[in-house]
Amino acid sequence: MAAAAPEAENLQYEMNPEDIQMFDLEKKRKILAVLFFENKIGAAFYSEDNEMLYVFVDSEESSPHFETFEMLVTQIEPTTIVLNVNCNDILKQKANNLMSDVESMPSIPGDVEIESDSREPQPSTSSGPKNRTSVSSNRSPNVSYIPERYFNEQYARKKLMDYVENKDRRTEESRFVFLSSLINTTNSNLWRSIGGLIKFLEVVEEKTGDKICVIGLQSFFPENRMFVENTTVEALQIFKCDWHPSAYKSGSFKDGFCVFSKFNRCITRVGKAYMRKIFQHPLTDLPTINERLNFLEIFGQPERTTICDDIKFHIKYVAPMHKVVKRMMIGHAPIKDWRMLHRTLRSAIEIFGFLRNCDESIAKSTLVERYLQVYRSDVISNLFETIDRTIDFRKSLKEDVFHVNPGVCETLDKQTELYIQLPNILSAEFENDIPLLRGVVEDAQMVYLPQIGFVIKVPLMGGEANGNIQGLEFRAVADGNAFYKSSTCVRLDNDIGDIECLMQDERVTIMYSLQDDVLRTAGYIYEAIDILAEIDW
């Protein structure tokens with residue numbers, strides 16, 4: 001960059017030099033670097049219009065909505081977005097969708113992703129449902145990815161301190177104090193995003209030969225939203241965290257005595273998270289504020305106490321779904337996730353019924369209209385009915401295994417019936433092998449072992465197995481028993497097969513199909529939960 005600085009380490013970016021063209025002077029670059037980490041988002045962007053570097057303080061952000069990120073992109077209108085290659089897949093998808101209609105800047109190296117870096121995790125090759133958030137098919141040339149190690153806080157501080165040194169000739173300590181007065185040192189994501197931005201600008205300089213100058217730093221504040229510094233929040237005691245007093249929750253925090261805790265009457269986690277976001281970033285948009293006040297006034301009237309009590313009873317079962325959906329994307333959703341989703345959808349449908357039958361003043365509320373619009377498509381109700389009809393929750397929760405209700409799959413029903421009748425079938429088939437064992441062993445039985453098949457189990461006599469029983473093939477010794485294969489066992493293996501594994505394969509197929517239904521309707525689920533969070537608040 002234009003400011004003198006020690007030479008940085010060489011970057012091994014895999015880029016095609018033919019893609020680097022002369023810069024179009026009529027269109028100025030705006031490069032936005034974003035880092036999402038620990039439910040906070042930090043950002044920095046460089047504008048070639050005034051050669052300023054703008055910073056956006058760390059702000060609470062939630063996946064999969066990324067409302068703050070979308071607001072930044074909408075208001076900044078960047079020509080390029082720079083992301084960490086290991087960032088949230090949904091964030092990648094959202095960035096590509098937002099930048100899909102933006103005209104590509106030919107002088108910006110669109111792909112700065114280092115595929116050969118051994119320190120970056122490799123894509124999984126395990127079988128399972130396909131990841132629905134893949135961005136490879138919707139990759140925008142205006143979104144670039146760089147390795148996570150280049151989003152480095154120490155690197156960003158060093159570069160900015162070198163810049164201050166050239167301008168003011170201060171000592172290292174004074175330069176650090178000066179930078180701390182401009183950017184709060186607690187904004188870790190912001191500092192790291194500055195590191196990624198500076199590193200990307202260096203690559204642009206190297207590939208294009210253009211000198212990129214930074215003449216100053218300035219904070220960026222989005223419209224219609226108020227962003228408060230952490231020091232101000234702490235001074236006003238808006239939030240306060242105390243160590244949890246319980247020994248069983250050692251190391252965790254709880255809300256202390258603060259403004260937020262005094263006003264928090266939310267029943268659900270999603271409602272509490274929404275209220276926290278409102279306290280962190282108060283609105284300045286008057287129409288939206290008046291809309292919320294009208295909603296509170298409508299439900300605060302004494303004649304609506306009954307409907308409020310009914311909504312409170314059902315809304316307590318509403319839970320955040322983004323982690324559940326994320327586990328379903330990789331096929332690792334336990335039965336408790338399905339139960340949580342089932343209860344959330346049922347509660348949402350019950351609340352929908354209450355609001356649909358309300359008087360006209362409630363139905364005309366903007367928030368209620370949004371909620372009713374989600375359910376008029378019947379997507380939520382159809383998904384709930386499919387899950388309720390498919391999963392046997394009582395048996396599944398008891399055994400912690402995905403079980404399917406009878407009548408859902410004819411093949412699975414036949415296999416289940418055969419599995420129940422298996423003891424009687426084995427007793428009848430074992431009659432054919434009794435002559436082989438007469439006079440050799442005193443006690444034996446035919447059993448089925450998953451992944452092994454049908455075998456004859458013979459208790460060990462004298463601690464050793466007899467491997468020379470005519471007509472039987474010795475297989476193994478385990479738990480004081482010897483196991484043999486007979487011709488009858490081989491025939492049952494061919495006719496019936498590994499019945500328990502076959503049943504499990506059918507259940508997994510049904511579960512994957514159900515997961516596909518959930519992933520296709522995830523947008524409706526998120527929208528319904530967001531509205532319920534506002535109602536809870």
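Student: How do the residues lining the largest pocket divide by class, and how many are charged?

Tutor: This is a predicted model, in which local features need pLDDT of at least 70 and side-chain atom pairs count only at pLDDT 80 or more, while totals for chains, interfaces and linings use all residues. Residues are numbered from 1 along each chain as its sequence is written, and side-chain values use heavy atoms, with hydrogens and water left out. With Ala, Val, Leu, Ile, Met, Phe, Trp, Tyr, Cys and Pro taken as nonpolar, Asp, Glu, Lys and Arg as charged, and the others, Gly among them, as polar, the lining of the largest pocket has 15 nonpolar residues, 11 polar ones and, as the charged class, 20.

Student: Which element gives the most residues to the lining of the largest pocket?

Tutor: On a 1 Å grid over the protein atoms alone, a pocket is an open set of points with protein on both sides within 12 Å along at least five of seven lines, a cavity is a set where a 1.4 Å probe fits but cannot get out, and lining residues have an atom within 4 Å of a point. The largest pocket is lined by 46 residues, and S62, H65, A273, Y274 and K277 lie nearest its centre. Taking helices as DSSP runs of H or I with at least four residues and strands as runs of E with at least two, numbered from the N terminus, the elements that each supply at least two lining residues include α1 (67-76) and α9 (286-299). The element that gives the most, with 9 residues, is α8.

Student: What is the volume of the largest cavity?

Tutor: The structure holds 2 cavities of 30 Å³ or more, and the lining of the largest cavity includes E291, R292 and W537. Helix α9 gives the most to this lining, with 4 residues. A volume is the space filled by probe spheres set on the grid points, which are joined across faces, edges and corners, and for the largest cavity it is about 90 Å³.

Student: How many residues apart in sequence are the parts that the pair K94 and E70 ties together?

Tutor: A salt bridge is a side-chain nitrogen of Lys or Arg within 4 Å of a carboxyl oxygen of Asp or Glu, and the side chains of K94 and E70 meet in one at 3.3 Å, N to O. Because K94 lies in helix α2 (residues 89-98) and E70 in helix α1, the pair ties together parts whose separation in sequence is 24 residues.
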